[in-house]
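Hi,

Here's the structure I said I'd send over.

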Amino acid sequence: MPDLRAMLGRGRVLVADGAMGTMLYERGVFVNVCYDELNATHPDLVEDVHGRYLRAGAEILETNTFGANPVKLSSYRLEDRTEELNRRGASIAVRAAGRRAAVAGAVGPLGIRVEPLGPTSLEEARECFGRQVDGLLEGGVDGFVLETFSDLAELEQAFRAVRLRCDLPVIAQVTVEGDDGRTATGASAEQAARAAADWGADVVGLNCSVGPAAVLEALERMAGVTSVPLSAQPNAGQPVAVRERKMYLTGPDYMARYARRLVDAGARIVGGCCGTTPEHIRRISEQVRASRPSTVSVRAAREAAARTGGRPAPPLATRSGLGRRLAEGGPVTSVRILPPKGWDTAALLDDCRALAAAGADLVAVHEDRGAARLGVLAAAATIARRCPGVEPLVHYTCRDRKLSRMMSDLLGAAASGLRNVLLLTGDPPAPAPYPAYRSVVDVDSIGLANVVAGLNAGLDPSGNDLGEPAGFVVGVALDQWARDRTRELGRFRWKVDAGADFAVTRPVFDAGRLRGFLAEAEDEIPVIAGILPLESARQAEFLQNEVPGVHVPDRVVERMRRARGRAAAEGAAIAREIAGELRDEVAGFQISAVGEGVEAALGVVEGLGG
């Protein structure tokens, strides 16, 4: 098998292969199958794809192991076979390559977020990648291609996992978005090139995500900041839906023309990603076979060359009225309401004015992900603009939102003058008539708290300067009745470490349970207790038996049963009693409005004032 490092040292352009997944799909392998398991179940099929790329002119074959890490394999209950599937994938590619091509072990992202954007530590991520690297080495790869990464912290751990085990060549590639040439976490092409070069990567480059035009623009920027060899493996354009199938329609000739331009920009390795076939690689090979990479002198980038450390976050007391109350230790009274189902906010504003007159400091605008309502950001901005007597607190849920969308929402909130946010991961979706639907959590509340802490220092998730600090007051959730108490305590401490300014509990019906949790947590941030005025015995029974995270003691349920016709008044009385028990132990209360009205909450707010 050729020596990949020696090939890189000869100064000529190398042609990599194209999309393994595209070819397997065309051969009848459905997308719900674990493609990495095919190394064991259908090795001949995988080897045939390698052979077709080899005959098309590819000089570097990537193993069929892009998703063969223990995290992604766990979705198919194959995590225990991580090393085996990688070893098999490498062996198949080595056998297909013979002496005609080098084999690079393909390593993709874990599919989960790593710290500080997710709960997976850098060490855990490195260990997961290490298992994959061990199998690939055992199978005889000639080097590694770390591809389709958007988080530089995760990419670094994949690189470290390789370097802890060998000194074989490493090609480190990120994927960027088409609009601005940045990764999903905000890292620029220049940042990625510098970072990978600093780690010691042999080649840095780009793959996937977008077509050749956008990759060319990003590659030109990379060439301006590093002398490390560059690589480019773009998709065959953007996919389109054709009879419920995603298809890539960019033709081989167009890809080949851009391959020549990529070489002229300094690429030393050119190939393809999603949608590219052996015919694409054949045409690319014909175009670049006699090419020589341009020598581009490293120049100063147009943006800041180094990651800035940001600015100090504004003092808590200056960020909002809520921030001032928390900093001074004063009590906070918040009422949680739902936005209207239509666009008319008249009733919403009337409720907010009534709550302000009763003594509420905040109106917490809560998301109802099960029904179409006015968006929380729009509702909160309307309250801030038209109800000066009360501040909005935005309940912002991570579930089913990509990080880029969340960043846009938060920047929009800051621009609109919204400063108070309660960050929630989000509950799983309720059963629906769509069994294939699955919720997605790209970044959970801990990761988002880290992101907001960066915004409060004027930085995006990749450390780019965004200008003035945002000045958010950051709240997080606390589940005092979590079944896994150790895990909840750990998550709460991580939220505090991420920069949370306060926490809001689940509805409290047992003051003693909350006291015990807070004593065990020992974290010095203010805690606002959730208060839910019960309206009926049926509701109490429902919460007790069907709602995770809410504990209603038997004595409370029995009181609601005995109340009969005066159940709502009894529920309000129970709420005031619980608040009275905790008044001197928490920073305030968040009262949940019942249904569409705020009458029950008004009674509790007025009772707290008394």
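Below is what turned up, starting with a few strands and then moving to the rings.

Keep in mind that this is a predicted model.

Strand 12 has partners in strand 11 and strand 13. With strand 11 (residues 332–337) the pairing is parallel, over 4 bridges. To get from strand 11 to strand 12, the chain goes through helix 15 (residues 346–358), and that β-α-β crossover is right-handed. Strand 13 (residues 391–397) also runs parallel to strand 12, again joined by 4 bridges.

Now the rings. Searching the whole structure gives 4 aromatic pairs. One of them is Phe129 with Phe149, a tilted pair with 5.9 Å centre to centre and 55 degrees between the planes. Phe129 belongs to helix 7 (residues 122–139) and Phe149 to strand 4 (residues 143–149), so the pair links parts of the chain that are 20 residues apart. Both Phe129 and Phe149 are buried.

Two arginines also sit over rings. Arg401 lies over the face of Tyr396, 4.4 Å from the ring centre. Arg513 has its charged end over the ring of Trp481, at 4.0 Å from the centre.

Cheers

How values were computed: Residues are numbered from 1 along each chain as its sequence is written. This is a predicted model: local features need pLDDT of at least 70, side-chain atom pairs count only at pLDDT 80 or more; totals for chains, interfaces and linings use all residues. Side-chain values use heavy atoms; hydrogens and water are left out. Two strands pair if DSSP finds at least two bridges between them. Helices (H or I, at least four residues) and strands (E, at least two) are DSSP runs, numbered from the N terminus. A crossover is right-handed if, with the strands pointing away from the viewer, the path from the first strand over the helix to the second runs clockwise. Rings of Phe, Tyr and Trp (its six-membered ring) pair if their centres lie within 6.5 Å; planes under 30 degrees apart count as stacked, over 60 as edge-to-face and the rest as tilted. Buried means under 20% relative accessible area, exposed over 50%, partly exposed in between (1.4 Å probe, protein chains only). A charge sits over a ring if NZ of Lys or CZ of Arg is within 6 Å of the ring centre and within 35 degrees of the ring normal.
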